[in-house]
Each structure stands twice: as C-alpha cells, then as structure tokens.
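Hi everyone, thanks for making time today.

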Amino acid sequence: MRILVVEDHVELAETVADVLRSEGMAVDVATDGQAALAHAGIYPYDVIVLDRDLPGVHGDDVCRHLVAGGSRSRVLMLTAAGRVEDRVDGLELGADDYLGKPFAFAELVARVRALSRRVPSAPPIMRRGDLTVDRARHRVTRGSRPVSLTRKEFGVLEMLLAADGAVVSAEQLLEHVWDASIDPFSNIVSVTLARLRRKLGDPPLIETVVGKGYRM
C-alpha cells in the first residue's frame, strides 16, 4: 500500500508518515498543494491523506484536480473545522472520507486501511500451487509450512501474485512497495527477491525475465 500524506505542518506530517510506515505502508510526504499534485501525477497512490487548509494551492483545489483527472487514489481529507457543513463540503468535492483534527492515530490508520480496501486489488486470500497468502492476516504458507516474511518481502510477493503470471518490472515494485526516499538505482529489489526466493524454498516459484522483471 502506497500513501501520500499532504500536510503543511511538517512535524505533524512526519509523525503521521512514521505511524503509517510502522504499519507497513510506503509513505511519501508533501507539504503544499502544488507538491501534492506533482507527486500524484507520478506515483499511483492507493490513498492520499489530504489536509484541507493548505497554503498556496488549497486542499479543496487539490481534491477537485484529482477527481477531474480521473485519479483512482482514495482521498481522506483532514481539517480542523468541525462543523457538519465543512464535512459535507469536503465529501461533495470528491473526498472519500473525512477526519477532523485533532484525531487519534489509531483511527487514522483504520480509515486509511478501510479506504485502501475500496481500491480494486487482489482478493484477501491468494493462492498459487501449494503457496497460500492471507493478505488480511499477513500470513504465508507453502504446503503446511509457515513462511515468515518481512513487510517488504510480503509486499513484493503480493504484487507478483496479483499480476497473475504477467511480468512485473523492478521499477513497478519500487513504485508500489517502497516510497520516494529509496534510491532508484539501489539494488534493494534484487536483494529482497533473493531473500524471498530463499524463504519460499523449492521448487522455485519466482522467475527472472531478463531485461524485463519478474513473474510467478
């Protein structure tokens, strides 16, 4: 799951990002509306956590632009305004959910997860041969053997299974499983794939397609 946090209060933005990252999400941060639109034009975010009261390009205008552009990202709008009219206005702009400030981080995480489930994605339980992946419980088994994976290994496995035999490039894996802080020239994808293959065991399930990427 890849998330964009748009909040002009830098300390709050980084705190929210850290909380979401601790839940295994890849998170980018933008501190104004213009940067938010630039990020959204590059990366396929599952959810955008959007402060309504942004300087420069207002949060309302960011939301309008996303909706007009056909963005598939779900928008969770944040604001200190607590009136019912403000919540209605935000939803009518095209936001998918609304959360008033101050908020509990546990509720924010729950709302982000709920929104991400509305994005067309893989089923909750995925299978390939004797491999079973329970996405909701973060459990992997091969035959009767449990397989313990890190969050990044799990994310890579999810993407490969969801592709249903199609090739997934290293760039696509970087875009969906890691956030913008990762060095695009890093070998993190190949290293993670090597660990994942070792943990899944034989016979091999992941194929390298030279010059293109990986597939199951």
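Let's start with one side chain: Arg-128 counts as partly exposed, at 24% relative accessibility. Before I go on, please keep in mind that this is a predicted model.

So which side chain does Arg-128 meet in a salt bridge? The partner is Asp-164, with 3.4 Å from N to O. This pair links distant parts of the chain, 36 residues apart: Arg-128 sits in strand β6, and Asp-164 sits in the loop between α6 and α7 (170-177). Asp-164 is exposed, with a relative accessible area of 62%.

Strand β6 takes us to the sheet. Four strands form an open sheet here, in the order β6-β7-β8-β9, and their pairing is antiparallel. At the edges are β6 (125-128) and β9 (145-147), each of which pairs on one side only. On average, and ignoring direction, neighbouring strands of this sheet are turned by 20 degrees against each other.

Strand β7, residues 131-134, and strand β8, residues 139-142, run antiparallel and are joined by four bridges.

As a reminder, side chains of opposite charge can pair when their charged atoms come close. How many salt bridges does a search of the whole structure find? It finds 15.

One of them is between the side chains of Lys-101 and Glu-7, at 2.8 Å from N to O. Lys-101 lies in the loop between β5 (97-100) and α5 (105-116), and Glu-7 lies in the loop between β1 (2-6) and α1 (10-22), so this pair ties together parts that are 94 residues apart in sequence. Are these two buried or exposed? Glu-7 is buried, with a relative accessible area of 2%, while Lys-101 counts as partly exposed at 23%.

Another salt bridge joins the side chains of Arg-113 and Glu-23, with 3.4 Å from N to O. Arg-113 is in helix α5 and Glu-23 is in the loop between α1 and β2 (26-30), so the pair ties together parts that are 90 residues apart in sequence. Both residues are partly exposed: the relative accessible area is 27% for Arg-113 and 30% for Glu-23.

Asp-46 lies in the loop between α2 (33-40) and β3 (47-51). Asp-46 is buried yet has no salt bridge. Where is the nearest side chain of opposite charge? That is Arg-2, and it is 7.8 Å away, whereas a salt bridge needs the two charged atoms within 4 Å. What does reach Asp-46 is the backbone of Arg-2: its nitrogen lies 2.8 Å from a polar atom of the Asp-46 side chain.

How values were computed: Residues are numbered from 1 along each chain as its sequence is written. This is a predicted model: local features need pLDDT of at least 70, side-chain atom pairs count only at pLDDT 80 or more; totals for chains, interfaces and linings use all residues. Side-chain values use heavy atoms; hydrogens and water are left out. Helices (H or I, at least four residues) and strands (E, at least two) are DSSP runs, numbered from the N terminus. Buried means under 20% relative accessible area, exposed over 50%, partly exposed in between (1.4 Å probe, protein chains only). Lys and Arg count as positive and Asp and Glu as negative; His and the chain ends are not counted. A polar contact is a pair of N or O atoms within 3.5 Å; within protein, one must be able to donate a hydrogen and the other to accept it, and residues adjacent in sequence count only if both atoms are side-chain atoms. Two strands pair if DSSP finds at least two bridges between them. Axes are lines fitted to C-alpha atoms, for helices over the stretch in contact, and angles run from 0 to 180 degrees between N-to-C directions.
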